Amino acid sequence: MEVSATTTANSTSMAALDRGSTDSEFPIWERLGAIVRLSYGVGIYGAMALAGNFICSITGVDAMGGFHPSLEAIIDGLGYAAPPIMALLFILDDEIVKLSPHARAIRDVEDEELRSFFYGMSPWQFIILVTASTIGEELFYRAAVQGGLTDMFLRGNEFVKGAHGITALTGMLPPFVPFAQAFAAVITAALTGSLYFVATSPKDPTYVVAPVLQSRSGQEDLKKLFAAWYERREMKKIYSPLLEGLLALYLGFEWIQTDNILAPMITHGIYSAVILGHGLWKIHDHRRRLRHRIRQVRVEARHPNK
């Protein structure tokens, strides 16, 4: 009876602790920080949309990228979203990450973005930010940059006189003109990856604090740890802009095929929501289980079974 009573007390204590953790899962400063990051993100993506509209007004292309609500665009957006989502979820699988250092680097990129920007946001804040990023980036990169480059290449013959570089190439060599949209998509993807590299590339630390080890074996182990850390860091530098560039290229060709920016918007939104949401869920689940185990150990220490 005493063991049964103790077990009941343990269960009651754990239930109370779980309810408390649900009510206060995020401290007030994390929630305030999430609001600040949300405001900052919405402001940045709103500025991108305005900048894209300004570029379109100068180049004379459609600022809305052929936006037209239709069932076909929705189906296309859903269909195009499946391959990149399935591919990245496969790469981010725990078993694949254990086997491949490249998959480990991609997982590190995703986890760092989640922890530094999205962690602590409520579901509604997360949805708002994903929606803002989808609209802002598509209007800027697809409608403005890719659309402007495509228009410039297609009208290359008008710029042949006194033109240099790619514009002159498309004007002098008509066979290149049919590939103007593909050129524009590739250049836009390269620009996207380059900008992302400049914005997110980690800076080298000024100094590193490490223990002073007297033994030679300890020094060798420390060197190996630093070498592994540096290798993972360099791989993160590569894969972070590479993933953004590949996604931009994929969305660019989707826009070429559908001729309606609503389709890549849907693909972009679903991809971001699923990949980031899956990563956040794994982080939340890991921390929840860790907190649960810590509380369980504390409760068992207070009420040891006799």
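**The nonpolar cores of a helical model**

Q: What makes Leu88, Ile106, Tyr239 and Tyr271 stand out in the largest nonpolar core?
A: Of the 13 residues in this core, these four touch the most other members. A nonpolar core is a set of buried Ala, Val, Leu, Ile, Met, Phe, Trp, Tyr and Cys residues joined through side-chain atoms within 4.5 Å, and buried means under 20% relative accessible area, with a 1.4 Å probe and protein chains only. This is a predicted model, where local features need pLDDT of at least 70, side-chain atom pairs count only at pLDDT 80 or more, and totals for chains, interfaces and linings use all residues. Residues are numbered from 1 along each chain as its sequence is written, and side-chain values use heavy atoms, leaving out hydrogens and water.

Q: What does Leu88 touch?
A: Leaving aside residues up to four places away in sequence, Leu88 touches Ile106, Glu110, Tyr271 and Ile275. Contact here means heavy atoms within 4.5 Å.

Q: How many helices and strands does the protein have?
A: It has 10 helices and zero strands. Helices (H or I, at least four residues) and strands (E, at least two) are DSSP runs, numbered from the N terminus.

Q: What share of the protein counts as buried?
A: Of its 306 residues, 35% do.

Notes: Buried means under 20% relative accessible area, exposed over 50%, partly exposed in between (1.4 Å probe, protein chains only).
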